[in-house]
Amino acid sequence: MKTLIVYAHPEPESLNGSLKDLAVSTLETAGHEVRVSDLYAMNWKAVVDSADYGANASRPLKVALDSGRAFDAGTLTPDVLAEQEKLLWADTIIFQFPLWWYTMPAILKGWVDRVFTYHFAYGVGEHSDTKYGERFGEGTLAGRKALLSVTAGGPESHYAARGINGPIDDLLFPIHHGILYYPGIEVLPPFVLYGADRMTDEDYPDVAKAWEQRLLTLESTEPIAFRRQNFGDYEIPSLHLKEGLEPAGRTGFGLHVRG
């Protein structure tokens, strides 16, 4: 298995840094190939601008179309091209980050904004009476799996169904479904550590054991059963879930998960 770890935390000696290092050692010891994109160490440029697209940048800037032209022409900046090559190389992508203000750190969102360009991660496939492009279960990154490894400061009860922060599955849905599943990546259930700010050195061995177990079972873990866009569950072109397919009482994001 070839694994890319995209790591976003400014402190190498943080809990996130320890989990990243443990992932590298565990997977390599098990015989897997591992590459790491340490975004803070790389001084990753987090903002999209015309410099990303060079001669393919228009005035006014049109991010989607300009990024697609630059991708097609092979003129994206070297840092973006390198990350796209890593994604194409990988079988599995692990994202290691803290949950800050209910989402990923800005530097990681900037990695997505710049790397997931038009024609590389989206904007592909036919649009017809039966298809609406190749996305949500199809796409250029299909055949890969992804796992979010996330630390959260609050206790688990705060992220439960009635918790004040909202269910963790809802908070991660925009990343799971909207960023990863959109270009065809199968998404594994997340590894979430709650109460990270209160964790002690005595707690870490149990955390490490649980993380190692997840890492060693990546290949056998079933992905989240998101519905595929073009396979009969949705009306086209409205992309509304067809009546009667939802389990009784289910609403919201949960509609887009089978079973």
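The largest pocket of this predicted model holds about 210 Å³ of space, where a pocket is an open set of points on a 1 Å grid over the protein atoms alone at which a 1.4 Å probe fits, with protein on both sides within 12 Å along at least five of seven lines, and a volume is the space filled by probe spheres set on the points. Its lining residues, those with an atom within 4 Å of a point, include His 9, Trp 100 and Asp 197. By class, this lining comprises six nonpolar, five polar and one charged residues, with Asp, Glu, Lys and Arg counted as charged, Ala, Val, Leu, Ile, Met, Phe, Trp, Tyr, Cys and Pro as nonpolar, and the others as polar.

Within α3, Val 80, Leu 87 and Trp 89 are among the buried residues, buried meaning under 20% relative accessible area with a 1.4 Å probe, protein chains only.

Residues are numbered from 1 along each chain as its sequence is written. Local features need pLDDT of at least 70, side-chain atom pairs count only at pLDDT 80 or more, totals for chains, interfaces and linings use all residues, and side-chain values use heavy atoms, with hydrogens and water left out.

Notes. Buried means under 20% relative accessible area, exposed over 50%, partly exposed in between (1.4 Å probe, protein chains only). Helices (H or I, at least four residues) and strands (E, at least two) are DSSP runs, numbered from the N terminus.
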